[in-house]
Amino acid sequence: MNTNAPQPGLEYAGFWIRFWAFIVDSILVAIIVEPIVASIYKGSQNVADPMSVDMANLILDSFKPQGGLDVLFSWVLPAIAIVLFWVYRAATPGKMLLRAKILDAETGQPPSVPQCIGRYLGYYVSIFTLFLGFLWIAFDPRKQGFHDKLAGTVVVRTPRKTFTPTQPPNRTT
């Protein structure tokens, strides 16, 4: 079987659906993480005069961890949460909102724990290749990024639930 060919009956989630799911997830993580990190480091950083700030250094400094708790709340706990969502729901909240889920590319079943961990680590491969691993989703026949290919997963759209009226219960009066 050609593992790169689209499988009939599956609607693969493309680049833009996955991009918007990422935005939703990022906003949720920021809403949860930023107040915690800000309260930990409250008052520990000097605020510079906005007219004298070197924007390039300001942006680069925002990616540097400020300590152990920052690493825990900004990197470790979100990573654990994402993998747990993938293990138990086959999707993050953003993917759930946009009717997408992660499946094993071969079986069509939810991914295994090792696949979920490998998929998360594969994000770094997709990032370190100047984000080409994410852009690849737009061109791949099965809409797989590098992280999907490494983990053996695909992201598919789930069908909309349609309302089907049911027959009223038999009532005897």
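Predicted model: local features only at pLDDT ≥ 70, side-chain atom pairs only at ≥ 80, totals over all residues.

Reader: Where does Ser126 lie?

Author: Ser126 lies in helix α5. Helices here are DSSP runs of H or I with at least four residues, strands are runs of E with at least two, and both are numbered from the N terminus.

Reader: What does Ser126 touch?

Author: Leaving out residues up to four places away in sequence, Ser126 touches Phe131, Leu132, Gly133, Phe134, Phe146 and His147. Contact means heavy atoms within 4.5 Å.

Reader: And which side chain has a polar atom 3.1 Å from the backbone oxygen of Ser126?

Author: That of Thr129. A polar contact is a pair of N or O atoms within 3.5 Å; within protein, one must be able to donate a hydrogen and the other to accept it, and residues adjacent in sequence count only if both atoms are side-chain atoms.

Reader: Where is Thr129?

Author: Thr129 is in the loop between α5 and α6. Thr129 is partly exposed, at 31% relative accessibility. Its C-alpha atom is 9.5 Å from that of Phe146, 17 residues apart along the chain.

Reader: Aromatics next. How many pairs?

Author: The count is 12 aromatic pairs. Rings of Phe, Tyr and Trp (its six-membered ring) pair if their centres lie within 6.5 Å; planes under 30 degrees apart are stacked, over 60 edge-to-face, and the rest tilted.

Reader: Why does the pair of Tyr120 and Tyr123 count as tilted?

Author: Because their planes are at 40°, with the ring centres 5.8 Å apart. Tyr120 and Tyr123 are three residues apart in helix α5 (residues 113-128), about one helical turn. Tyr120 is buried at 14% relative accessibility, and Tyr123 is buried at 18%.

Reader: What does Tyr123 form with Phe134?

Author: An edge-to-face aromatic pair, 5.6 Å centre to centre, with 65° between the planes. Tyr123 is in helix α5 and Phe134 in helix α6 (residues 132-135), so the pair ties together parts 11 residues apart in sequence.

Reader: Which residues form the aromatic cluster?

Author: Trp86, Tyr120, Tyr123, Tyr124, Phe128, Phe131 and Phe134 form one cluster.

Reader: What sits over the ring of Trp86?

Author: The charged end of Arg119, 4.7 Å from the ring centre. The rule asks for NZ of Lys or CZ of Arg within 6 Å of the centre and within 35 degrees of the ring normal.

Reader: Switching to strands. How do β1 and β2 pair?

Author: Strand β1 pairs with strand β2 (residues 153-157) in the antiparallel sense, over five bridges. Pairing needs at least two DSSP bridges between the strands. Ala100 has Arg157 in β2 as its bridge partner.

Reader: How covered is β1?

Author: Mostly: four of the five residues in β1 (residues 100-104) are buried.

Reader: And the whole chain? What is the order of elements?

Author: From the N terminus, α-α-α-α-β-α-α-α-β. That is seven helices and two strands. Of the 173 residues, 27% count as buried.

Conventions. Residues numbered from 1 in each chain as written. Heavy atoms only, no water. Buried < 20%, exposed > 50% of the residue type's maximum accessible area, 1.4 Å probe, protein only.
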